[in-house]
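Hello,

Here is the structure I promised to pass on. My notes follow below it.

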Amino acid sequence: MNRIGLFGGTFDPVHYGHLRTVDAARMELNLDRVLMLPNPRPPHKLREPLTPYEHRKAMLELALQEFPALELSNVEEFAEGPAYTTDTVRRVIAALPKGEHELWLIVGADALIELPHWKDPEALFRDAKVAVLPRMGFDFKRVNPAYLSRVCVLHSPEIPISATDIRKRLREGIDVKGMLADAVLDYIRNHWLYQ
Ligand code: ATP
């Protein structure tokens, strides 16, 4: 049985809050593979200005050089319309080699709050188990107990980094060293992103 983790995100930009926690989740859940799924068209962020997918994917590729156990997946890249997690999981399943797989969808605690409002959460729970990364400042009491009982809360470290904070710091010229990979920071500077 292949144990496969799925970690989707906007990754605008990818940072160590994503990478270190998901790598810890990989070890805790004893996963054989972890697929990182940059979302070209996140349905919950359609109205927000977003860095073009090509840049977000390129930054993720650079960041993954430090995390060789995490793999980039382009399963969403050529799909049409907003990329709902439930559909992404189905597409991953369709693209996997034949065999027995156990899928683990890994999400941050803040995303868990939204899960009941996602497209067809019941289908999602049928296709995958859900594991949750604790996130600084997040109180699990906010989660509907019916959902909390169906997920596995992980013990990965709480890393107080968010992409929103990184973008704000970059706009204001505040140091972001140590929050994201140097190669990603070089890419951001070379492409004049988050000005
Ligand atoms: P933004 O601040 O732009 O909303 P973000 O930093 O939350 O971005 P996303 O790409 O939206 O990053 O998140 C992808 C996934 O990673 C989500 O499940 C989110 O909850 C999780 N995540 C992001 N940052 C952390 C962190 N520091 N610790 C744990 N999980 C995180």
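Pro157 sits in the loop between strand 6 (152-153) and helix 7. Helices (H or I, at least four residues) and strands (E, at least two) are DSSP runs, numbered from the N terminus. This is a predicted model: local features need pLDDT of at least 70, side-chain atom pairs count only at pLDDT 80 or more, and totals for chains, interfaces and linings use all residues. Residues are numbered from 1 along each chain as its sequence is written, and side-chain values use heavy atoms, with hydrogens and water left out.

Pro157 is partly exposed, with a relative accessible area of 44%. Here buried means under 20% relative accessible area, exposed over 50%, and partly exposed in between (1.4 Å probe, protein chains only). Pro157 touches Thr21 and Ala24, not counting residues up to four places away in sequence. Contact means heavy atoms within 4.5 Å. Arg135 is 22 residues from Pro157 along the chain, and their C-alpha atoms are separated by 8.4 Å.

**The ligand**

Of the 23 residues around the ligand, Gly108, Asp110, Ile159, Ala163 and Thr164 come nearest. By type, the shell residues divide into 9 nonpolar, 10 polar and 4 charged.

Which backbone atoms does the ligand meet? An oxygen atom of the ligand is 2.9 Å from a polar backbone atom of Gly108. A ligand nitrogen atom is 2.9 Å from a polar backbone atom of Ile161. An oxygen atom of the ligand is 2.8 Å from a polar backbone atom of Ala163. The protein covers 90% of the 600 Å² of accessible area that the ligand has on its own. Accessible areas come from the Shrake-Rupley method with a 1.4 Å probe; for residues, only the protein chains shown count as cover. Strand 1 (2-9), helix 1 (16-28), strand 4 (101-108), helix 4 (109-114) and helix 7 (163-172) are the elements that give two or more residues to the shell.

**The cores**

The largest nonpolar core has 37 residues. Leu19, Met36 and Ile106 have the most contacts inside it. A nonpolar core is a set of buried Ala, Val, Leu, Ile, Met, Phe, Trp, Tyr and Cys residues joined through side-chain atoms within 4.5 Å. At least two core residues come from each of helix 1, strand 2 (33-38), helix 2 (53-64), strand 4, strand 5 (129-133), helix 7 and helix 8 (182-190). Helix 2 gives the most, with 5 residues.

Another core, of 23 residues, lies apart from the largest one; among its residues are Leu37, Val92, Phe125 and Phe138.

**Thr88**

Thr88 is in helix 3 (residues 85-95). At 8% relative accessibility, Thr88 counts as buried. Its side chain makes a polar contact with the side chain of Glu76 (2.6 Å). A polar contact is a pair of N or O atoms within 3.5 Å; within protein, one must be able to donate a hydrogen and the other to accept it, and residues adjacent in sequence count only if both atoms are side-chain atoms. Neighbours within four places aside, Thr88 is in contact with Leu37, Val75, Glu76 and Ala83.

**Backbone points to check by eye**

The peptide bond from Asp12 to Pro13 is cis, with omega near 0°. Pro13 lies in the loop between strand 1 and helix 1. Phe11 lies in that loop between strand 1 and helix 1 too. Phi of Phe11 is near 50°, a positive value in a residue other than glycine. Phe11 is buried, with a relative accessible area of 2%.

Asn30 also has a positive phi, near 55°. Asn30 is in the loop between helix 1 and strand 2. Is Asn30 buried or exposed? Asn30 is exposed, with a relative accessible area of 56%.

Best wishes

Terms used. A residue is near a molecule or strand if one of its heavy atoms lies within 4 Å of it. Ala, Val, Leu, Ile, Met, Phe, Trp, Tyr, Cys and Pro count as nonpolar, Asp, Glu, Lys and Arg as charged, and the others, Gly among them, as polar.
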